[in-house]
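Open the structure in your viewer and keep the selection tool at hand. The stops below are meant to be taken in order.

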Amino acid sequence: HRSIAVFTSGGDSCGMNSAVRAVARMGIYVGCKVYLIKEGYQGMVDGGENFIEAEWKTVSGIMQKGGTVIGSARCKDFRTREGRLKAALNLIERKITNLVVIGGDGSLTGANLFRQEWTSLLDELISVGKITKETAELCSHLNIVGMVGSIDNDFCGTDMTIGADSALHRIIEAIDNIATTASSHQRCFVMEVMGRHCGYLALVAALASEADWVFIPEWPPETGWRDVLCNKLQKERSMGQRLNIIIVAEGAVDMEGNKITCDMVKDLIITELKYDTRVTILGHVQRGGSPSAFDRVLGCRMGAEAVLALMDATPDTPACVVSLDGNQTVRVPLLECVERTKRVQATMDKQDFTDAVKLRGRS
Ligand code: ADP
C-alpha cells in the first residue's frame, strides 16, 4: 500500500485547490492512501492533526475556491536539519514515501534538498532509536513531484504556473473598472501590478486592456523615455482619447537598475502635462477571488499527472516538476528548472536582460 502526501507551500495562488483535489482523487483511484498536509512545511514538521487522510469526498467542493484550503505557510523550521528530521519522522510514521509539493521555487528547492538528505535523515532517526532498521528499509526512497503554484508565471520549465491566469483576470477586471471612471473625468491612471521580477502579468494585462504604456523588469525603457511617454500621451489625447492607463510591474527598473515607481510616473505626468493623474496599487486583490476555468483545469491536469509520475518513479528517477509545454502536460527535471529560474534572477540582477529572456524561454 503506497502512501502519498500533498501540501501547498509559499505564496498562495488560484488553482492550488484544484491540484490538491486531483492528487487526492487520482491517488485514491490508483489505490494509494493519500494524506493532505495542512500549513505547508510547518504542518509537516509539527505533525499530528496537520495530517489528514483524504477520502474521495474530503476534496469535494474546493475546486471553485481561491487560495488554498489546506493552508500555506513560510516555515523557518524546515530550513534546519532538526526541523527536517521531525518532518521525516512524521512521514515515516505514516509510511509516506511519495510527496507532492505545490509551491514556488523556494518550496521546490526545499523538497529537493529533503530528498537528497533522506538517507542520512533515516540513518539519524535509526541511531537515536526513533525508527527501526526494518521501517527505514520500507521507507528507503522518497519520491518527489512538484507543481508550480504562483501568480507571477516566473518559473522556468512551464508555460503557465498555476494561478497566473486567474491573477490576470483580476487585473483586467480592475483596469476595466478604473477605465470607466478615468474616462468620465479625463484622468490618467498609473497602476502597479504584481509579478516580482517577472513582467508577465503587467505585459499581458497591458496588451489585453489597451493600456498606453507598460513598464516591465525585462525591458527597461531607453534613456529619454520620459519625453517619449509624454509625447505619446499627448498625441492620444489630441486624437480624442479621454483617459490614459499606464501599467507598472512591481519589479520594473530603468537602464541604470533604479526602480520605476508609480509615484515617479505620476509626478512626471503632472509636472509635464498637468493631467489629473492617480495611482492605484492593485495589491492582494490580484491573488484572491475564484480561479479561472483555465487554472481549475490546469490544476486538475497537473495533479493527475503528478500522481502518475510518482507511480512511475524508481529510486533513480530524479525529482520532477509537472508542467505545461504548449498544450501538453510534461515532466521536467526539478533541479534543472529551479537552477534555471535562479539564473534568470541573477542575470536580471546584473542588468543582463537579453540573457534573462533567453533563459526563461523553452530550452
Ligand atoms: P515559494 O515556494 O513561493 O518560492 P519560499 O521561498 O518562501 O516560497 O519558500 C517556502 C518555504 O519552503 C520556506 O518557508 C521554507 O520552509 C521552504 N524552503 C525554501 N527554501 C528552502 C531551502 N533552501 N531549504 C529548506 N527549505 C526551504
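Predicted model: local features only at pLDDT ≥ 70, side-chain atom pairs only at ≥ 80, totals over all residues.

Residues are numbered from 1 along each chain as its sequence is written.

Select strand E4, residues 96–103. Strands (E, at least two residues) and helices (H or I, at least four) are DSSP runs, numbered from the N terminus. Eight of the eight residues in E4 are buried, that is, with 20 or more other C-beta atoms within 10 Å of their own, C-beta atoms being placed from the backbone.

Thr8 is opposite Ile102 of E4. Next show E5, which also pairs with E4 in the parallel sense, over six bridges. Here Val101 has Gly146 of E5 as its bridge partner.

Now select helices H3 (81–93) and H4 (105–127), which pack at about 80° with axes 10 Å apart. Axes are lines fitted to C-alpha atoms over the stretch in contact, and angles run from 0 to 180 degrees between N-to-C directions. H3 is therefore roughly perpendicular to H4, a term for angles of 65 to 115 degrees.

Finish at Asp152, in the loop between E5 (143–148) and helix H6 (164–184). An unreviewed UniProt entry annotates Asp152 as "active site"; such annotations may be inferred rather than shown by experiment. Asp152 is buried, because 24 other C-beta atoms lie within 10 Å.

Conventions: Buried ≥ 20, exposed ≤ 12 C-beta atoms within 10 Å, placed from the backbone. Parallel < 35°, antiparallel > 145°, perpendicular 65-115°, else oblique. Pairing = 2+ DSSP bridges.
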